[in-house]
Amino acid sequence: MCGYSRQTPLQAVKETPVILINNRTVSIYLRSVKVDKKNGIYDSREDCNAVVETSRARIVAGCGSTKIVKGVHEIGEFAFYNTSLSHIFIPSTVFRIGEDAFSYCKFCTSISVSRDNSVYHSDDGCNAIIERVTGRLVQGCAGTVISDAVKELGSHSFAGVTVPSTFVIPEEVMKIDRYAFSDCTSLKCVVFSGFSARVEWNAFSRCTQLGYVFLPDNIGQIDKGAFRDCPYEKLFMEYIKK
């Protein structure tokens with residue numbers, strides 16, 4: 001068996017090839033992860049405080065103290081879901097980041113990517129992970145500044161993050177994916193600057209403090225349910241002529 005508590009580290013022993021962690025309730029308290037050196041499937045190389053699938057160099061589970069070391073190729077889905085990470089650094093060797101990899105990291109205030117990474121960047125001090133080819137913002141944080149290079153806000157890119165109370169969507173952003181801002185309970189006002197942005201379903205779901213949305217009068221498509229479970233009874237939406 002593999003035990004854990006809020007105070008004690010989680011250790012993967014050699015008899016346990018798979019670790020099952022309820023990320024939604026436990027991982028925010030997790031501060032240490034160690035894999036037995038005799039485990040033939042996973043490792044925690046360079047004392048990285050993470051569970052790494054050895055054959056794919058893929059992080060499958062991390063914690064608030066994890067260091068994403070050079071040599072890691074992938075960050076798996078939900079790998080850091082709801083952890084206490086305060087800073088995210090993506091080394092040059094990472095070429096794939098799974099969906100929801102950093103969702104609900106509400107304590108994260110800064111993000112940086114190695115300048116030698118050929119897939120992602122965080123240019124101009126934007127405090128975000130951006131795909132070079134598509135301009136899609138993969139992950140943001142409380143300190144993110146959306147640069148002109150961003151064309152799309154990816155799925156779950158700000159989900160559960162403590163964003164500023166007023167968030168301005170630049171006119172260069174053409175699409176806001178599903179769940180991009182879901183559960184952003186600090187969000188009170190959204191201002192859309194662009195005229196052709198598409199807002200997908202559940203993009204702002206469960207933003208319980210959202211009271212004001214300002215849209216250009218020629219806004220693009222807003223999918224049904226884009227503002228699901230927001231306080232509609234007090235949600236004020238105004239169209240602004242451009």
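Student: Which residue stands opposite D43 in β4?

Tutor: Please note at the outset that this is a predicted model. Two strands are taken as paired when at least two bridges are found between them. Here, β3 and strand β4 (residues 51–53) run antiparallel and are joined by 2 bridges. The residue in β4 that stands opposite D43 is V52.

Student: In what order do the 5 strands of the open sheet lie?

Tutor: The order is β3-β4-β5-β6-β8, with mixed pairing. β3 (42–43) and β8 (96–97) each have a single partner strand and stand at the edges, so one side of each has no neighbour in the sheet.

Student: How do β11 and β12 pair, and what lies between the strands of their hairpin?

Tutor: Strand β11 (residues 129–131) pairs with strand β12 (residues 136–139) in the antiparallel sense, over 2 bridges. I130 stands opposite L137 in β12. The hairpin has 4 residues between the strands, and G135 takes a positive phi near 75° in this hairpin.

Student: In which sense do β12 and β13 pair, parallel or antiparallel?

Tutor: β12 pairs with strand β13 (residues 152–153) in the parallel sense, again over 2 bridges. In this pairing L137 stands opposite L153.

Student: Which residues form the negative surface patch?

Tutor: The patch is formed by D123, D124, D148 and E171. Of these, E171 is found in the loop between β14 (166–169) and β15 (175–176).

Key. Residues numbered from 1 in each chain as written. Predicted model: local features only at pLDDT ≥ 70, side-chain atom pairs only at ≥ 80, totals over all residues. Heavy atoms only, no water. Patch = residues over 30% accessible without salt bridge, like charges linked within 9 Å, V, L, I, M, F, W, Y side chains within 5 Å. Areas by Shrake-Rupley, 256 points an atom, 1.4 Å probe, with all protein chains shown as cover. Salt bridge = Lys/Arg side-chain N within 4 Å of Asp/Glu carboxyl O. Lys, Arg positive; Asp, Glu negative; His and termini not counted. Charge placed at Lys NZ, Arg CZ, Asp CG, Glu CD.
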